[in-house]
Structure formats: C-alpha cells, structure tokens
Amino acid sequence: MGEIGKIAVAPTVWTQFILAAALGTVIRRQIDISGDRPAVLSYVDTHAGPGRLSPAAPLHAAMATAGGEIGGSAYLAALGAASADDWYPGSWLVAGRVMCDLARPDDAVEIDVNDLSETVIEQARRNREAGRVRFWSHDWFLFLRSRLGMGNTPSFIFIDPPVDDPRGPAYAIDAAILLDTLSVPYMVSYPARECQECLDQVGRTGLELHLPGQDTGVMLGGGAERALLHLVVDLRRLASALGGELVIRLPHHDDYSI
C-alpha cells in the first residue's frame, strides 16, 4: 500500500478542489479539440508526494458539510467514499481520476510524478492507479524544464514549490511566465498573504483560503484560468465549510513614466 503522508486538511482540500475543477475544464476542451482523434491527456506534478494522505475523516466531514451546496464537483467525484484505511488521494491521484473519468476509450492518460525525496517516490510507486505514470526525483524546476523538453506538451501542470525552498517564489514566477508564453495550462500554489509580488509579475488572480495558521493560495494560468469564474460561488461555500474565508487577490499593475 505504501506509507500515508500526513498533511493539514483544509489547505489540501482547497488546492485539490481547484485543481480538479480547472483540470476538468482543460481536459474537456482538449477532447473537444481532438475531435475523432485519440487524445493524450497528460498531467505533471512538480512536488507530488506519496499519493495517499491522512486523516480522511475531517476531510470527508468538511466536504459533507459543503457537498449539498456544491453541485457537479469533479473533486467530490474523484474523492469517492472514505476508505477503510482512513486515507484520501493526493493531488496526482485526484488528477488521474479526473482524467480517467473524462477520457474516451482510445484516449491515453499520462501522469508525471516528481518529488525530491526518493523515499517518497518509492511510496508513490506503490500507490499508482490507472494510466501511465512516470516517476522522477529531481529539483522541481529542473524536472519541469526536462519535462517540457519531451515530445508531447502536458495538458496541465501543477507547480507546488516546497515551502522551505527560498528560491520557490522566484522560480514559480519564471515557470508561470514561461507556461503562459507556451499556452500550457497550469496551477501554482503559494503561501497566501505573502505572494502579492508573484501575482503582480505574472498578472494573474489569486484564489486564497484564509484560516488562522493555514492560509493558502492558488493561481491559474496558461488557459486554466477559464475555470475561474465558474469556481467563485463554490469556493465561497467551500471556504465557509472549512471554517475560513475566500479572498480573491488581484494583481497590482504600476504605470511607469520616463
């Protein structure tokens, strides 16, 4: 089964909920564009973790509170019922379930899982589900550059810089600007209230959950921002169910005159 990583519930729910909705929007559009031809649905996770997280009980309780008011949630469908082992899926398992639910019989589902810890990657290997999964263990920015150099362009990239990496915000800005230039859909997680400069430089809107000691934010771009307007109402309800508040952080643009 592999070891289960323990992580704060509310920020994880927030990030995964937005991930599932944005990824679903991107994948549906990719399938529509491909028409009768098989599509390669490809998800990339820069800081993936082992794939199984705990405890499941508080997460399911929070989602049960919000579930009656949040309709058609890709995340609720991917989450499924609480398991006997009291675990819930990490981001790359959620993404795989969303893609497999939307994929047609001839479509290919690919997932690139990266984590700097080789121990975590070994755990992740034991937790894989459907689709073709490639496992990497590199610095996340080096991994992302290597993955972009491969033949097929990813359908969606989740950039989740480690919180203890002082270079994380600067690299995240560089990565976001590059992916916007390449029109590759992406999501970046960041510490809420601490990344106004990141949003300013990239020119994207932040979706933040404010909770005492558990603030977290997410930025969508590269085409994934199409999901933003459809998310706002559900995110207000989800934030309330998690005991927090939705804050929409806008980029600040300065005009320079010489």
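Salt bridges come to a count of 11 in this structure, which is a predicted model. Side chains of opposite charge can pair when their charged atoms come close.

Start with Glu129 and Arg97. Their side chains meet in a salt bridge, at 2.8 Å from N to O. Glu129 sits in the loop between α5 (118-127) and β6 (132-136), while Arg97 belongs to helix α4 (residues 91-102), so this pair ties together parts that are 32 residues apart in sequence.

Next, look at Arg147 and Asp112. The closest N and O atoms of this salt bridge are 2.8 Å apart. Arg147 is in helix α6 (residues 140-148) and Asp112 is in strand β5 (residues 108-114), so the pair ties together parts that are 35 residues apart in sequence. Both Arg147 and Asp112 are buried. They also belong to a network of salt bridges, which links Glu110, Asp112, Arg132, Arg134 and Arg147.

Now find Glu208 and Arg249. Here the side chains meet in a salt bridge at 2.6 Å, N to O. Two strands are involved: Glu208 lies in β9 (residues 206-210) and Arg249 in β11 (residues 245-249), so the pair ties together parts that are 41 residues apart in sequence. Glu208 counts as buried because its relative accessibility is 0%. Arg249 is buried too, with a relative accessible area of 18%.

Turn to helix α1, residues 9-34. It has 26 residues and reaches 37 Å from its first C-alpha to its last. That is close to the 38 Å expected at 1.5 Å a residue. How many of the residues of α1 are buried? The count is 19 of 26, so the helix is mostly covered, given that buried means under 20% relative accessible area. After α1 comes Gly35, whose phi is positive, near 65 degrees.

Rolling a probe the size of a water molecule over the atoms shows where empty space is left. The largest pocket holds about 1,100 Å³ of space. Its lining has 42 residues, and His47, Asp160, Pro161, Val163 and Ser189 lie nearest the centre. Elements giving two or more residues to this lining are β1 (5-6), α1, α7 (168-182), β8 (186-190) and β10 (216-221). What kinds of residues make up the lining? They divide into 21 nonpolar, 14 polar and seven charged.

Conventions. Residues are numbered from 1 along each chain as its sequence is written. This is a predicted model: local features need pLDDT of at least 70, side-chain atom pairs count only at pLDDT 80 or more; totals for chains, interfaces and linings use all residues. Side-chain values use heavy atoms; hydrogens and water are left out. Helices (H or I, at least four residues) and strands (E, at least two) are DSSP runs, numbered from the N terminus. The expected span of a helix is 1.5 Å times one less than its number of residues. Buried means under 20% relative accessible area, exposed over 50%, partly exposed in between (1.4 Å probe, protein chains only). On a 1 Å grid over the protein atoms alone, a cavity is a set of points where a 1.4 Å probe fits but cannot get out, and a pocket is an open set with protein on both sides within 12 Å along at least five of seven lines; lining residues have an atom within 4 Å of a point. Grid points are joined across faces, edges and corners, and a volume is the space filled by probe spheres set on the points. Ala, Val, Leu, Ile, Met, Phe, Trp, Tyr, Cys and Pro count as nonpolar, Asp, Glu, Lys and Arg as charged, and the others, Gly among them, as polar. A salt bridge is a side-chain nitrogen of Lys or Arg within 4 Å of a carboxyl oxygen of Asp or Glu.
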